[in-house]
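Here's a protein chain to get to know. Have a look at the picture before you read on.

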Amino acid sequence: MYQLTIRSKAEKNFSKLPKSLQERVAKKLKLLQEKPFQIGLDVKKLVGTEKSYRLRVGETRIIYQIDTSLKSI
């Protein structure tokens with residue numbers, strides 16, 4: 001399992017989302033934390049970066065980086 005670190009700005013934006021969307025995002029983040037390269041998540045690698053990806057939940061985009069050596073997101 002990977003360690004998930006969320007920045008304070010992301011937490012602030014998350015708290016502004018509707019509760020139903022917060023639940024969906026939290027569920028996807030948990031799946032990402034358990035297995036970040038699983039099939040079924042709407043994930044794309046960001047062009048021009050080595051470790052940056054985006055996860056789409058509805059119209060919401062979550063930008064994150066994976067460090068496989070430290071097992072952190």
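What follows is a quick tour, starting with the ground rules and then going topic by topic.

This is a predicted model, where local features need pLDDT of at least 70, side-chain atom pairs count only at pLDDT 80 or more, and totals for chains, interfaces and linings use all residues. Residues are numbered from 1 along each chain as its sequence is written, and side-chain values use heavy atoms, with hydrogens and water left out. Helices and strands here are DSSP runs, numbered from the N terminus: helices are H or I with at least four residues, and strands are E with at least two.

**The sheet**

- Three strands make an open sheet in the order β1-β2-β3, with antiparallel pairing; two strands pair if DSSP finds at least two bridges between them.
- Strands of a sheet pair through backbone hydrogen bonds, either parallel or antiparallel.
- β1 (43–45) and β3 are the edge strands, and each of them pairs on one side only.
- From one strand to the next, the twist averages 25°; angles run from 0 to 180 degrees between N-to-C directions, and axes are lines fitted to C-alpha atoms, for helices over the stretch in contact.
- β1 and β2 pair over three bridges, and V43 has L55 as its bridge partner in β2.
- β2 (residues 52–57) and β3 pair over six bridges, with R54 opposite I63 and L55 opposite I62.
- How enclosed is β2? Five of its six residues are buried, so the rest of the structure largely encloses this strand; buried means under 20% relative accessible area, exposed over 50%, and partly exposed in between (1.4 Å probe, protein chains only).

- Most residues other than glycine have a negative phi, and most peptide bonds are trans.
- K71 is not a glycine, yet its phi is positive, at about 55°.
- You'll find K71 in the segment after β3, and its 43% relative accessibility makes it partly exposed.

**The helices**

- Two packed helices are described by the angle between their axes and the distance between the axes.
- The axes of α1 (residues 8–16) and α2 (residues 19–34) come within 8 Å and cross at roughly 135°.
- That makes α1 and α2 oblique to each other; angles under 35 degrees count as roughly parallel, over 145 as roughly antiparallel, 65 to 115 as roughly perpendicular, and the rest as oblique.
- F14, S15 and K16 of α1 make the contact with Q22, V25 and A26 of α2, where contact means heavy atoms within 4.5 Å.

**The core**

- Which residues touch the most other members of the largest nonpolar core? Among its 13 residues, they are L32, L55 and Y64.
- A nonpolar core is a set of buried Ala, Val, Leu, Ile, Met, Phe, Trp, Tyr and Cys residues joined through side-chain atoms within 4.5 Å.
- α2, β2 and β3 each give two or more residues to this core, and α2 has the largest share, with four.
- Leaving aside neighbours within four places in sequence, the contacts of Y64 include L32, V43, L55 and I73.
- I62 sits in β3 and, at 16% relative accessibility, counts as buried.
- I62 and V25 are 37 residues apart along the chain, and 8.7 Å separates their C-alpha atoms.
- Not counting residues up to four places away in sequence, I62 touches V25, L29, Y53, R54, L55 and V57.
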